[in-house]
Amino acid sequence: MDFRRLHRYRLARTRWALKKSGLGSLLCFDQYNIRYMTSTVIGNWARDKFTRYALLAGDAEPHLWDFGSAAKHHRLYAPWLPQHNCHAGMLGLRGAIHPKIGLMRSAAEEIKSILQSNGVADMPVGVDVVEPAMMFELQAVGLDIRDGQQVMLDAREIKSNDEIALLNMSAAIVDGCYQTI
């Protein structure tokens, strides 16, 4: 299995879907979309926390925000991502930290800054799933938020040979477990 080829394919599919959509960028909070775009995962516990997020701004390389230790891990062990694109970040763990603390506002401002530096801040931003408080902060800094979930579904629709092989391996493992049971 060539995992770098798999990453290049998935990022190219995401770029293709983004270009086709008329959006300027994609901001993903869904763990499966983050994994597809960045080839990173932190574990199942994070799937419903809306703490990790990734941004694809036009033709730029993806940016990834994660817990500080995880961001450091990505800088060390994910060489396909530029080190300066792996950010420590925290939004609030789905309400555990109140929006008035300002973490979401700071994140929205940082995202807008990246969009500006890539020349796509005046274009709509596709977002897959988001906490309402974060969406309001993105809008408050002047971003035009649109549905990006279908864009990611379009990107993920056609599987590469590597993805098909991995799906077959996963199914064989499950079949083997059922047989043993």
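This is a predicted model: local features need pLDDT of at least 70, side-chain atom pairs count only at pLDDT 80 or more; totals for chains, interfaces and linings use all residues.
The structure holds seven salt bridges. One of them joins the side chains of R15 and E61, with a distance of 3.3 Å from N to O. This pair links distant parts of the chain, since R15 belongs to helix α1 and E61 to the loop between β2 (53–57) and β3 (63–66), 46 residues apart. The two partners can also be described by their accessibility. R15 is buried, because its relative accessible area of 16% falls under the limit of 20%. E61, at 33% relative accessibility, counts as partly exposed.

A further salt bridge is formed by D59 and K19, whose closest N and O atoms are 2.4 Å apart. D59 lies in the loop between β2 and β3, whereas K19 lies in helix α1, so this pair ties together parts of the chain that are 40 residues apart in sequence. Both D59 and K19 are exposed.

D66 is part of strand β3 and R52 is part of the loop between α2 (31–38) and β2, so the contact ties together parts that are 14 residues apart in sequence. Both D66 and R52 are buried.

## Aromatic contacts

A pair of aromatic rings is described by two quantities, the distance of the centres and the angle of the planes. The count for this structure comes to two aromatic pairs. One of them is formed by Y53 and W65, which are stacked, with 4.7 Å from centre to centre and 10° between the planes. The angle counts as stacked because it is under 30 degrees. Y53 lies in strand β2 and W65 in strand β3, so the pair ties together parts that are 12 residues apart in sequence.

Y53 is buried, with a relative accessible area of 1%, and W65 counts as buried at 0% relative accessibility. Ring pairs extend this contact to F29, linking F29, Y53 and W65 into a cluster.

Another aromatic residue, W80, has a charged neighbour: R4 lies over the face of W80, at 3.6 Å from the ring centre.

## The backbone at S39

S39 is not a glycine, yet it has a positive phi of about 60°. This residue is found in the loop between α2 and β2, the loop that also holds R52. S39 is partly exposed, because its relative accessible area is 23%, whereas R52 is buried.

Notes:
Residues are numbered from 1 along each chain as its sequence is written. Side-chain values use heavy atoms; hydrogens and water are left out. A salt bridge is a side-chain nitrogen of Lys or Arg within 4 Å of a carboxyl oxygen of Asp or Glu. Helices (H or I, at least four residues) and strands (E, at least two) are DSSP runs, numbered from the N terminus. Buried means under 20% relative accessible area, exposed over 50%, partly exposed in between (1.4 Å probe, protein chains only). Rings of Phe, Tyr and Trp (its six-membered ring) pair if their centres lie within 6.5 Å; planes under 30 degrees apart count as stacked, over 60 as edge-to-face and the rest as tilted. A charge sits over a ring if NZ of Lys or CZ of Arg is within 6 Å of the ring centre and within 35 degrees of the ring normal.
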